[in-house]
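Good morning. Please look at the sequence and the model on the screen, and I will go through them briefly.

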Amino acid sequence: MEFRVLIALLSLIVFLGSCTKEVKIDIPGFEEKVVIDGRIETGMPPIVLISKTQDIYSPTTLEAFLNSFQSGATVTVSDGTNTVVLDEICSDNLPPGTETMAAALFGIPEDELANYHLCAYSTFNTAIWGQVGKTYSLKVELNGEVFTSSTQIVTPTPLDSVYWKQDPGANAGYGYSWAKLSDPPGFDAYMWEVKRINMVNGNTKDPAFKATFSPVIDDEFFNGQTFDFFYENPFTWDDETVAGPDKGYYKQGDSVVIKFSKIDAAVYEFLEKKYMQLGTAGNPFASPTTIPTNIQGGAIGLWGGYSPSFDTLYCVP
C-alpha cells in the first residue's frame with residue numbers, strides 16, 4: 001500500500017512538472033511624447049515648460065535631462081479677450097530681477113542657473129496674468145504639431161483659521177499645522193503648499209513653497225461642511241539635521257506661510273494621480289496608476305489654473 005502511494009506521489013510530481021509553460025510578456029516599445037507642464041495662478045504670469053519623455057531603460061544622466069527640454073516653440077495663451085504669445089526665457093539669459101522666480105521654477109539654486117540652458121515660456125504682459133473667474137486657453141506649436149488645453153481660475157475659498165498645537169505623540173515643542181475650513185456646497189478641490197519664513201543667516205529658511213506628502217484633496221467626504229484638519233512639515237523628511245522622531249513636525253517658534261489653492265476638476269484629477277504614483281513608487285504591491293492629462297493633440301501633462309489664498313502660521317502654543 002505504501003509502495004503504491006509513493007508511486008502515485010512520484011507520478012503527480014512528474015505530471016505537475018510537465019505542465020510548466022514559459023510565459024512571454026510583450027512590453028510595448030518606447031514612444032517619445034511631448035510633455036507640457038504649464039500653470040497660471042491669480043496675479044501671476046502663465047509659465048509653460050515643454051520637454052520630451054525619456055525611455056526608462058536608458059541611462060539617467062544630467063545631459064539627458066537637460067536635452068529633454070524643448071525650445072523654439074510658439075506658445076499662446078488667451079483669456080477670451082486678450083491673446084498673448086509668450087516669450088521664451090532661458091536660465092542662462094534671464095532678465096534682471098527674475099532669478100528667484102526662475103530658481104523656484106527649475107528647482108536649481110540661483111547661483112547655478114547660468115550653468116544650464118533650461119527654457120520656459122512666460123510673459124511680462126500683465127494683461128494675460130491670472131484673474132479669478134477667467135478661463136485660459138493654451139496653444140503650443142512645436143515641430144509642426146499643435147497641442148491645446150484650457151483651465152479655469154476658480155473663486156478661492158480661504159481657510160477660516162490656522163493654528164499649531166503640540167502633538168501628543170511628539171517630543172515637547174513639536175506639532176502639526178492645523179486649519180479650519182468651511183467648504184461651500186458643490187464640487188471643490190484644493191492644494192496645500194508651505195514654506196517656513198524663519199530667518200537663517202539673513203535668508204528665509206525655505207526659498208520656495210513645497211507640497212506636502214499628499215497635498216491635493218476634494219470635498220467628496222466633507223462637501224458643505226466645516227471641519228479641522230492638519231498637514232505635516234514636508235521639509236523635514238530629507239533633512240539630516242532633524243532627528244527621526246521629530247520628522248514631519250513643525251518646531252515651536254517656526255513661522256510658516258500656507259498657500260491654499262483652489263483648483264478645478266481636471267487639475268485635481270491629474271495631481272491626485274501624480275502624487276499617488278509618487279507615494280507608491282517602488283512598491284511592488286501597489287496598483288499601477290495612469291495619470292490623466294488635459295492636453296489635447298497627443299502631448300501629455302497639465303495646463304493648470306490655481307487660485308491661492310495665503311495665511312501665516314506662527315507655531316506657538
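Accessible areas here come from the Shrake-Rupley method with a 1.4 Å probe, and for residues, only the protein chains shown count as cover. The protein exposes about 18000 Å², and carbon and sulfur atoms supply 56% of that area.

This is a predicted model: local features need pLDDT of at least 70, side-chain atom pairs count only at pLDDT 80 or more, and totals for chains, interfaces and linings use all residues. Residues are numbered from 1 along each chain as its sequence is written, and side-chain values use heavy atoms, with hydrogens and water left out.

The protein has 4 helices and 18 strands; these are DSSP runs, H or I of at least four residues for helices and E of at least two for strands, numbered from the N terminus. Of its 317 residues, 40% are buried, meaning under 20% relative accessible area with a 1.4 Å probe, protein chains only.

Now helix α4, residues 265-280. Which residues of α4 are buried? They are Val267, Tyr268, Phe270, Leu271, Glu272 and Tyr275. These buried residues pack against β8, β11, β14, β17 and β18. At the N-terminal end, aspartate 264 caps α4, with a side-chain oxygen 3.3 Å from the backbone nitrogen of alanine 266.

Notes:
Buried means under 20% relative accessible area, exposed over 50%, partly exposed in between (1.4 Å probe, protein chains only). Contact means heavy atoms within 4.5 Å. A polar contact is a pair of N or O atoms within 3.5 Å; within protein, one must be able to donate a hydrogen and the other to accept it, and residues adjacent in sequence count only if both atoms are side-chain atoms.
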